Amino acid sequence: MKGSFITFEGIDGSGKTTQLNKLAESLRNSGRDVLVTCEPGGTPLGKEIRKAFLETKQDVEPLAELLLFAADRAQHVQHLIRPALAAGRIVISDRYADATVAYQGAGRGFDLELVERVIAIATNGLKPDLTLFFDIDPHQAVDRMAFRGEHKMNRMDLESLEFYTRVREGYLKIAAAEPKRFRVIDAGRSVDEIAEETLEIVKENLARV
Ligand code: TMP
């Protein structure tokens, strides 16, 4: 029995987490066994890693950041994602390896070959069956984050508009390279319109597996 591995990606403020919760609810209502998880922080160790480097005022070295995302992912893949897939579950993760390509590769400027090597080590080759990229204009995303000002922002939320523009371009490059796996969804529309398209794409994908 093999489950299905779906990942959600987008720049901060894209609304992907709202969509992820709506999708999980729709799938559960139709009787599917769904595991919702996230990166970083999908496991107890991952939560500690997340806290240590995202919720800190310390100056975090970009290489340390790259490796800490990878450490979180290695634990996540082995302890949570692979066992759930082996049990036939649908795993939906709020971010996965494409985030490292977009944020650390395109955003921070790490060499893409190095980033891919680190990802290959951390994931041991596990790739999502489907990735949904919630595409939003970085200006709109930054406005949304400012609006959410009441929440505690993490270190990455405080990055600049230029940074998010590079991250978005990084994601769009993946979309161009892997159009079957990596689907782009216009996240500038209403929550319901986006949810409808998301569910349609996922159902179509699950029917094929
Ligand atoms: P989030 O849980 O609110 O999405 O915050 C996690 C932050 O970490 C977000 O700004 C994206 C960033 N991130 C990376 O830079 N690289 C990664 O590999 C992952 C998984 C997240």
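A residue is called buried here when its relative accessible area is under 20%, exposed when over 50%, and partly exposed in between (1.4 Å probe, protein chains only). The model is predicted, so to speak of local features a pLDDT of at least 70 is needed, side-chain atom pairs count only at pLDDT 80 or more, and totals for chains, interfaces and linings use all residues. Residues are numbered from 1 along each chain as its sequence is written, and side-chain values use heavy atoms, with hydrogens and water left out.

Along the principal axes, the C-alpha atoms fill a box of roughly 45 × 35 × 35 Å. Of the 209 residues, 48% count as buried. The accessible surface comes to about 10,600 Å², with 54% of it belonging to carbon and sulfur atoms (Shrake-Rupley method, 1.4 Å probe; for residues, only the protein chains shown count as cover). Among contacts with a separation of 6 or more, 80% join residues 24 or more positions apart, contact meaning heavy atoms within 4.5 Å.

The secondary structure comprises eight helices and five strands, both being DSSP runs numbered from the N terminus (helices H or I, at least four residues; strands E, at least two). Along the sequence they follow the pattern β-α-β-α-α-β-α-α-β-α-α-β-α. The five strands form an open sheet in the order E2-E3-E1-E4-E5, with parallel pairing; two strands pair if DSSP finds at least two bridges between them. At the edges lie E2 (34-38) and E5 (182-186), each pairing on one side only. From one strand to the next the twist averages 20°. Helix H8 (residues 191-208) packs on this sheet, touching E1, E3 (90-94), E4 and E5, and its direction makes about 165° with that of E4; axes are lines fitted to C-alpha atoms, for helices over the stretch in contact, and angles run from 0 to 180 degrees between N-to-C directions.

E3 pairs in the parallel sense with E2 over five bridges and with E1 over five bridges. Val91 takes part in both pairings, as the bridge partner of Leu35 and standing opposite Phe5. E1 (residues 4-9) also pairs with E4 (residues 130-135), over four bridges, and Glu9 has Phe133 as its bridge partner there.

Helix H4 (residues 97-107) is likewise mostly covered, with ten of its eleven residues buried. Among them are Asp98, Tyr103 and Gln104. The buried residues of H4 pack against E1, H3 (62-86), H5 (112-123), E4, H7 (161-177) and E5. After H4 comes Gly109, whose phi is positive, near 90°.

Ser14 sits between E1 and helix H1 (16-29) and counts as buried because its relative accessibility is 4%. A polar atom of the Ser14 side chain lies 3.1 Å from the backbone oxygen of Ile11. Leaving aside residues up to four places away in sequence, Ser14 touches Phe134, Ile136, Arg144 and Ala187.

How values were computed:
Polar contact = N/O pair within 3.5 Å; in protein donor to acceptor, adjacent residues only side chain to side chain.
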